Amino acid sequence: MSNNSQAPLRLHPAPDSSTVELLYRTFGDVLIPLEKLREQYFRNLNKELFVAEITSGRIELPVTTLDRSRKALKYVHIRHLAALIDIRAYKADEDMPRAQAEANE
């Protein structure tokens, strides 16, 4: 039984609980307003460029709202942000030995 019209499920590794806890201490809520997120972690991007990067998928964060209004505030769930941070950290760990090997050559 398959449903071809259903979007594929994208599961990322569960974030470390310590990452979620530290983000909760920083932001104080499970839903983080996009502007607070940009100010904290993406200061190099202005508001429009930050939204464009998320929309294009370059910054892989699902955005949610609490109602269907076009003017509704946009949020990122704390677990999605924690997963993104952890994934980037794991990739940096993987890339480090390669970068050192290239430097030694």
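# Exercises on a predicted α/β model

Read along the sequence, the protein runs α-β-α-α-β-α. The model is predicted: local features need pLDDT of at least 70, side-chain atom pairs count only at pLDDT 80 or more, and totals for chains, interfaces and linings use all residues. Residues are numbered from 1 along each chain as its sequence is written, and side-chain values use heavy atoms, with hydrogens and water left out.

## Exercise 1: Overall layout

Count the helices and strands, then describe burial, contacts and surface.

**Solution.** 
- Step 1. There are 4 helices and 2 strands. Both are DSSP runs numbered from the N terminus: helices are H or I with at least four residues, strands are E with at least two.
- Step 2. The protein has 105 residues, and 26% of them count as buried. Buried means under 20% relative accessible area, exposed means over 50%, and partly exposed lies in between (1.4 Å probe, protein chains only).
- Step 3. Take contacts (heavy atoms within 4.5 Å). Among those between residues at least 6 apart in sequence, 56% join residues at least 24 apart.
- Step 4. The accessible surface comes to about 8500 Å², with 52% belonging to carbon and sulfur atoms. Areas come from the Shrake-Rupley method with a 1.4 Å probe; for residues, only the protein chains shown count as cover.

## Exercise 2: Aromatic pairs

How many aromatic pairs does a search of the whole structure find? Classify each.

**Solution.** 
- Step 1. The search finds 2 aromatic pairs. Rings of Phe, Tyr and Trp (its six-membered ring) pair if their centres lie within 6.5 Å; planes under 30 degrees apart count as stacked, over 60 as edge-to-face and the rest as tilted.
- Step 2. Phe27 and Tyr41 form a tilted pair, 6.2 Å centre to centre with 55° between the planes.
- Step 3. This pair links distant parts of the chain: Phe27 is in helix 1 (residues 17-27) and Tyr41 in helix 2, 14 residues apart.
- Step 4. Phe27 is buried at 13% relative accessibility, whereas Tyr41 is partly exposed at 38%.
- Step 5. Phe42 and Phe50 form a tilted pair too, 5.2 Å centre to centre and 40° between the planes.
- Step 6. Phe42 is buried, with a relative accessible area of 16%. Phe50 is buried at 2%.

## Exercise 3: The second largest pocket

Describe the second largest pocket by volume, lining and class.

**Solution.** 
- Step 1. Its volume is about 200 Å³. On a 1 Å grid over the protein atoms alone, a pocket is an open set of points where a 1.4 Å probe fits, with protein on both sides within 12 Å along at least five of seven lines; lining residues have an atom within 4 Å of a point. Grid points are joined across faces, edges and corners, and the volume is the space filled by probe spheres set on the points.
- Step 2. The lining is Pro33, Leu34, Glu35, Lys47, Phe50, Val51, Lys71, Ala72, Leu73, Lys74 and Tyr75.
- Step 3. Helix 2 (34-41) and helix 3 (47-56) are the elements giving two or more residues to the lining. Helix 3 gives the largest share, 3 residues.
- Step 4. By class, the lining has 7 nonpolar, no polar and 4 charged residues. Ala, Val, Leu, Ile, Met, Phe, Trp, Tyr, Cys and Pro count as nonpolar, Asp, Glu, Lys and Arg as charged, and the others, Gly among them, as polar.
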